[in-house]
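My entries follow in the order in which I looked things up.

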Amino acid sequence: MTRRSQASVKRTAPAAGAAALLEQTWRDPPGLVGWLSAINHKSIGRRFIVSAFGFFVAGGLLAATMRLQLARPDNHLVGPDLYNQIFTLHGTTMMFLFAVPVMQAMAVYLVPLMIGARSTAFPRMTAYAFWMYLFGGLMIFAAFLLGMGPDAGWFSYVPLAGPDYGPGKRNDFWAQLITFTEVSGLLISIDIITTVLRLRAPGMTFARIPLFVWAMLVTAFMIIFAMPAVMLGSTMLIMDRLVSTHFFNYAEGGDVLLWQHLFWFFGHPEVYFIFIPGLGFMSAIIATFARRPVFGYPAMVMSIMATSFLAFGLWVHHMFATNVPELGKAFFTAMSMMIAVPTATQIFCWIATLATGRVNFRTPLLFVLGFFFILVIGGLTGLMLGSVPIDLQVHDTYFVVAHLHYVLIGGAVFPLFGAWYYWFPKITGRMMDERLGKWNFWLFFAGFNVAFYPMHHLGLAGMPRRVYTYPADMGWGPLNLLSTVGAVTIAVSVLLFIVNAVRSRRHGAIATDNPWGASSLEWAAASPPAAYNFLAPPVVGGREPLWEASKDVGAPTYVTGLALDVREALATTPLDARPDHRYIFPQPSIWPFVSAVATTIMFIASIFSPWAIVWGSLLVAVPVTAWFWPKRAETEKHLALEKRP
Amino acid sequence: MNAIQNALQSAGPQAAQIEQLWWLTLAVCAIAFVPTLGALLWSLWRAPRATEATPADTAIVSQPERRTRSVVVSAVVISGIGLAFLLLASVRTDHALAQLPLEDALNIQVTGHRWWWDIQYDDPDPSKIFSTANEIYIPVGRPVVITLLSDDVIHSLWVPNLHGKKDLIPGQTATMQIRADKAGTYRGQCAEFCGLQHAFMAFTVTALPAADFDAWRAAQLEPAAQPTDEKAKRGEQLFTSGSCMMCHAIQGTTANARMAPNLTHVASRRTLAAGTVANTPQNLAAWITDPQKIKPGVNMPAHHLPGGDLDALVTYLGTLK
């Protein structure tokens with residue numbers, strides 16, 4: 001420990017009036033410009049979560065339209081062109097605008113609170129990443145509403161999405177949306193990794209990191225390794241389309257399968273970086289509602305890591321029907337089976353936790369229990385898809401549609417809804433209604449199974465995916481109708497959730513700081529947390545800081561000595577979270593927002609003219625320069641602070 | 001149409017192997033699912049109830065939970081064994097699929113087009129090569145090697161009753177080995193999303209006894225029947241002098257383009273437009289007049305022929321048995 005950092009860890013109470021001063025220092029500025037300049041991780045996190053939920057609802061409405069179209073054979077509610085746009089946008093929205101971002105949004109809000117920090121590591125970058133995400137999402141929906149929605153599937157296989165068979169600008173919008181979400185996803189990942197590695201409360205060693213934070217850390221690393229593959233792919237695609245390169249043009253020496261490798265090298269890990277945050281929610285909620293720490297913490301952490309490594313060795317199981325050599329396929333089958341082991345380990349550990357705990361049946365726990373039923377089925381059908389021969393039959397059929405929804409809704413959305421019920425009181429200061437919550441759960445659970453279980457049978461009975469209709473004599477009508485009834489039930493349950501959230505936000509019971517009696521640090525902050533999160537940043541002495549006494553006998557219990565009038569924090573060492581140095585965060589600024597607007601102009605204009613990259617770069621350079629322009633007064637203040645004893 | 005399309009009603013050794021593996025895997029998965037969910041429900045039923053005010057049990061952390069650990073470890077080990085078993089079974093089936101005896105195999109080349117299938121029967125004797133569209137005929141009990149090509153985007157050939165699917169990838173050549181052991185007509189359709197009419201890119205595989213197949217083949221090798229009556233003659237003239245011959249072929253006439261289905265024996269087919277509508281004179285007339293109404297997005301242009309001409313053309317095509 002350096003002398004200076006020792007000085008910053010004391011055992012005296014914060015001075016009176018500190019709260020007001022800290023609030024003034026850490027809060028976002030008022031007014032519209034202030035709103036656009038906000039960089040507090042909670043403001044950005046809230047906007048991020050609400051936006052992602054908005055895209056979830058939009059994607060859900062698209063799904064409902066598809067289900068209405070497929071409810072009976074030879075239906076003419078939507079034609080093939082619109083249907084193709086709808087299913088493409090549904091997949092794209094759910095994967096790129098909902099599932100991945102919503103997990104990152106939850107992390108932006110929760111991770112700093114859970115590790116006892118006052119901010120994410122790069123707050124202005126967090127804001128920029130959010131705006132980029134929002135603008136990208138709005139762009140693709142604007143394109144759809146103008147009749148230019150992408151229509152080659154969320155996977156955009158070439159040559160269908162290429163220049164020869166995907167005329168117009170439709171698939172360029174898709175490729176550019178990928179660029180938007182990649183920029184956002186990668187920046188948030190860097191942000192989360194740095195936050196977790198450098199801003200943890202003193203004493204929160206690697207062995208004491210909450211499992212949810214572990215999940216988000218691993219997820220962020222996965223995103224950094226997986227997303228560049230699709231970014232490369234989508235850039236090559238848009239170059240093929242806009243400036244006539246031939247990366248995927250087999251007639252000119254390009255390769256059609258190259259796209260599939262690049263896409264699935266990202267696409268399969270993506271499933272896991274949607275699923276792993278779900279596992280994090282599970283661990284957080286199960287511990288709280290079983291009134292004990294999760295059984296087998298080291299096994300849980302190792303399982304998450306093992307999953308993240310194995311996830312990169314599965315991508316070819318999306319390509320078993322192509323010309324991949326047989327021996328190679330056997331390797332990917334083996335990997336697909338092996339990845340079940342860490343997931344099974346976690347499931348067994350959770351069951352052990354519930355079996356040895358005392359159970360408090362509340363809505364968040366119900367959603368988590370829904371996970372077990374649905375995800376286990378999805379996992380088992382995943383084993384079937386991992387087997388080459390079975391996959392050859394059910395690949396690209398409704399069996400896969402059933403499987404992927406069992407995995408993603410069961411593995412990520414059910415825990416996420418549980419997480420929303422669980423952390424709603426922390427975020428808003430009010431409890432959600434239990435009765436509506438239980439209705440929400442049971443309708444969602446029943447509706448989900450009614451909607452998706454029949455699809456297993458449809459797939460085996462020969463119904464391929466991505467068909468806008470089907471002839472009556474195929475006999476697929478009744479099960480499709482049943483599935484549509486289930487989809488409507490899900491829609492009703494989500495509507496109940498919205499009603500519950502909106503009503504509870506105004507009229508819900510006032511929440512205490514720790515309404516569920518949980519153990520992690522976010523519950524030590526007020527509900528909702530003050531702008532500065534913790535009046536005195538905590539020092540951690542164990543894995544369950546709010547449940548057990550500190551194991552570091554004689555250690556202080558909170559950090560003091562940090563400036564009140566400057567956004568100052570204590571950075572700690574990556575492994576042992578020992579105090580390392582003081583770190584000053586930037587002030588709120590309008591420039592991340594302006595930079596995002598400029599980047600958006602460049603990205604959208606480049607769909608229409610490659611020259612936009614040239615003049616657009618200059619356009620982006622201006623606000624980015626302003627963003628990093630040092631202010632004399634601030635620098636002097638920081639210097640003075642550094643020289644202070 | 002009475003053709004079946006179902007992965008669990010195998011009519012040949014390849015699909016039968018997969019079907020067997022499917023039932024085995026399903027059984028193993030069921031064996032995994034029941035005790036796992038059972039353990040969960042039993043735990044929930046047995047565990048004491050608590051509220052958020054119940055003090056958390058952290059004593060557990062300081063003393064190792066040996067019994068729980070051994071239960072969890074055994075469960076993981078048993079899962080591992082189950083997975084290894086499934087892997088073994090899968091690789092064995094995969095091996096069996098690759099071992100289909102191919103002596104005296106029939107060679108067929110299928111080229112995917114948006115949105116129909118060009119089918120060419122290969123033969124060492126070039127005069128015995130012929131092509132047809134959307135309806136494959138094979139002899140029962142004889143292996144068939146299908147060579148898969150694509151002319152535009154990626155398609156996937158799938159006849160679930162006979163085998164799993166295989167992609168048709170532009171710029172690449174793939175093969176698929178099948179055998180039908182039961183006579184019958186099996187439906188298949190494109191399984192890789194290929195654009196607007198992916199939903200209506202169907203085909204049938206009809207397995208015939210050897211003698212019937214030989215007769216069918218001999219008939220297919222024949223050029224188109226010469227029209228005899230005046231109306232049909234007028235139809236042929238319209239076909240070969242109009243825009244039809246720009247894309248279609250009819251052996252025995254001057255039409256030999258390969259942009260669209262070969263129509264030499266079109267009247268012997270069950271459906272039009274790759275399984276979209278039944279092959280009736282009314283449907284054929286409607287198809288020629290306004291194909292977009294029947295199959296939106298299709299490449300066939302509309303032909304607004306005067307009533308008599310349309311009738312003559314349909315009559316002529318109707319003679320092409």
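**Entry 1: a strand pair in chain B.** I began with B:Gly184, which stands opposite B:Ala207 in S10(B). S9(B) and S10(B) pair in the antiparallel sense over six bridges. I took strands (E, at least two residues) and helices (H or I, at least four residues) as DSSP runs, numbered from the N terminus, and I counted two strands as paired if DSSP finds at least two bridges between them.

**Entry 2: conventions.** I note that this is a predicted model, in which local features need pLDDT of at least 70 and side-chain atom pairs count only at pLDDT 80 or more, while totals for chains, interfaces and linings use all residues. Residues are numbered from 1 along each chain as its sequence is written, and chains are lettered from A and ligands numbered from 1 in the order in which they are written.

**Entry 3: the three-stranded sheet.** I found the pair of Entry 1 in an open sheet of three strands, ordered S4-S10-S9 (chain B), with mixed pairing. Its edge strands, each pairing on one side only, are strand S4 (135–139) and strand S9 (184–189) of chain B. From one strand to the next the twist averages 20 degrees. Across S4 and S10 of chain B lies helix H4 (residues 210–221) of chain B, running at about 135 degrees to S4(B). Axes are lines fitted to C-alpha atoms, for helices over the stretch in contact, and angles run from 0 to 180 degrees between N-to-C directions; contact means C-beta atoms, placed from the backbone, within 7 Å.

**Entry 4: the five-stranded sheet.** I next traced an open sheet of mixed pairing in chain B, with the order S3-S2-S1-S5-S8. Strand S3 (130–133) and strand S8 (174–178) of chain B are its edges. The twist here averages 25 degrees from one strand to the next. Strand S1 (residues 106–113) and strand S2 (residues 116–121) of chain B are antiparallel partners over six bridges, and B:Ile108 stands opposite B:Tyr121 in S2(B).

**Entry 5: domains of chain B.** I read chain B as domain 1 (1–39 + 70–208) and domain 2 (230–318), with bounds from an automatic or database domain assignment. Their centres, taken over C-alpha atoms, are 32 Å apart. Their contact takes 16 residues from domain 1 and 14 residues from domain 2 of chain B.

**Entry 6: the nonpolar core.** Which residues have the most contacts inside the largest nonpolar core? They are A:Ile115, A:Val213, A:Ile285 and A:Ile286, in a core of 300 residues. Such a core is a set of buried Ala, Val, Leu, Ile, Met, Phe, Trp, Tyr and Cys residues joined through C-beta atoms within 7 Å. A residue is buried if 20 or more other C-beta atoms lie within 10 Å of its own, exposed if 12 or fewer, and partly exposed in between, with C-beta atoms placed from the backbone. Helix H5 (residues 80–114) of chain A gives the largest share of this core, 22 residues. Among the residues that A:Ile115 touches, I noted A:Val196, A:Leu199 and A:Val213.

Entry 7: I listed 20 helices and two strands in chain A. Of its 645 residues, 61% count as buried. Its C-alpha trace spans about 80 × 60 × 50 Å along the principal axes. I then found 76 residues of chain A in contact with 75 residues of chain B. H12(A) gives the most to the side of chain A that touches chain B, with twelve residues.

Key: Contact = placed C-beta atoms within 7 Å. Lists of a residue's contacts leave out its neighbours within four places in sequence.
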